[in-house]
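Q: I am new to this structure and would like a close look at a single part of it. Could you take me through the sheet and what lies around it, in one connected answer?

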Amino acid sequence: MTNNAWTHEDHLFMAEALRLAKRGLYTTDPNPRVGCVLVRDGEVVGRGWHQETGCHHAEIYALEEAGIKAKGATAYVTLEPCSHFGRTAPCANALIDAGVLKVVAAAEDPNPKVSGSGLRLLSSSGMTVSSGLMFEQARELNIGFFQRMEKKRPWVRIKMAISVDGRTAMQSGESQWITGPQARSDVQRLRARSSAILTGIGTIEHDDAALTVRAEQLGFHSNDIHNSEEAAKNQPLKVVLDSKGKMLPSAKILASQTRILWVVDETAELNEALSSIDFIEVFRLPALDRPEAILLVLQKLAEMQCNEILVEAGATLAGAILAAGHWDELVLYMAPKLLGSDARALVNLPLSNMLDAKELILKDQRMVGDDIKLTYLPKLSN
C-alpha cells in the first residue's frame, strides 16, 4: 500500500497508536516503545502499549481488550509485530489466531531477528499487510533503538546549560543554577528516557554529581500520561570516563548503588574498594585520551543494549565527543543571563579557521520556563 492509499482515518488511528506508544517512553528500555490500536467497522475495539520490559507487547494488550471483537479487525501498530520467541510469544501469531484481517505498521522492525519476517508471516496467513504510515514519527519515538540496530551504537544526546553569552560556569567553577526549575525538570525527563548517562571524572570531582533520576523533580502533573515513580524506577546506567581511575569511594554517584560502567586506561591502578563493588563494572581501554576511545565506549554500550545515551559532561569531554563526531543531538538550555568574559566556555574545541567550524542544524526550539531549549543535529558533509 502506498502513502496515497492511506485515508484520513488511517492517519487518525495510527496517531492514536503513537500516543499509546509514548506512554512507554520511560519504562520499556531496552525494548522499543510500541502502541497498537484495533479497529473494526470504524470503531476502536482495543488499545494497548508495551508498558515495560518483560510484560506483554502492545498487540497482546489490545487483543485482550478487544476480545472477540478482534476478529475481522484492522490492527494499527507503530512497529512491525514480532515473529520470534523472546521473553514473550510472537505477536504476529497472536494476531493471526485472533482473526485480525489487516495490519498497518508504521515501521518495519530494524532488529535482525524480525526485520520484515513478522509482516511476511502475517501476509502468508492471508492477512492484508502494509507499512510506512507515519514512519518518521515512529522512528523518532525509538530513535535510539533504530540507531543501535542499524549502526551498532546508541543515539548520543549531549546536554549543556549556557548563558546568553555562551558560558557554562563562572571562572571559579560555580554553575548552580544557570537555568530555572522548568529546565531542570526537562533535563530530568531526558535522564529518565535514557539508557545511560555518560560523564567524565572532571564532573565527578568538581560537581560531585549524583546523576540520578529524581521522581519529585520530573515535573509530571496529575493529568500527565506518565507517572513520576514509574519513570524514576529504572535508573539509567552511569558511565564514568576516568583514565587514571581517580574516582573516590565518597563520590555521590555511588550513593544510589545503581549500575556504573567505570571506563579506565588498561594501566590504571584502581582503588580496590571500588573495583570490588558488585554494581560497578570496570571497562579498560588501551588509551582513553584517543578519539577512537569514544567509539569503543559506545560500541560497548550497544552490546549492553543501551539505546539512548545522555552526555552530561564538562567542556573537555563534550568537546572531545563533538570533535570526534560520535554524537547525534546537542541540547542547549540557554538562560537569560550574562556570565561575562572570564566565565568558562561551552566546550574545549580548538579550531583555527572558519573552514573548521562545526555546522549544526536546528531541529527544534522552544521556551522552557524562562529559558530557551535549542536542539541541534550535526550537519553532515556531502
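A: In this predicted model, V239 has L261 of strand β10 as its bridge partner. In general, the strands of a sheet pair through backbone hydrogen bonds, in either a parallel or an antiparallel way.

Both strands are part of an open sheet of nine strands with mixed pairing, whose order is β11-β10-β9-β8-β12-β6-β13-β16-β15. At its edges stand β11 (280-285) and β15 (360-368), and because each has a single partner strand, one side of each is left without a neighbour in the sheet. On average, and with direction ignored, neighbouring strands here are turned by 20° against each other.

Helix α6, residues 143-151, touches β6 (155-163) and β12 (308-311), and its direction makes about 135° with that of β6. Helix α11, residues 291-303, touches β6, β8, β9, β10, β11 and β12, while its direction makes about 140° with that of β11.

Within the sheet, strand β8 covers residues 196-200 and includes G200. This glycine has a relative accessible area of 9%, which is under the 20% limit, so G200 counts as buried. Leaving aside residues up to four places away in sequence, G200 touches L241, A313 and L317. The C-alpha atom of G200 is separated by 10.0 Å from that of M247, a residue 47 places apart from G200 along the chain.

Definitions and conventions: Residues are numbered from 1 along each chain as its sequence is written. This is a predicted model: local features need pLDDT of at least 70, side-chain atom pairs count only at pLDDT 80 or more; totals for chains, interfaces and linings use all residues. Side-chain values use heavy atoms; hydrogens and water are left out. Helices (H or I, at least four residues) and strands (E, at least two) are DSSP runs, numbered from the N terminus. Buried means under 20% relative accessible area, exposed over 50%, partly exposed in between (1.4 Å probe, protein chains only). Contact means heavy atoms within 4.5 Å. Two strands pair if DSSP finds at least two bridges between them. Axes are lines fitted to C-alpha atoms, for helices over the stretch in contact, and angles run from 0 to 180 degrees between N-to-C directions.
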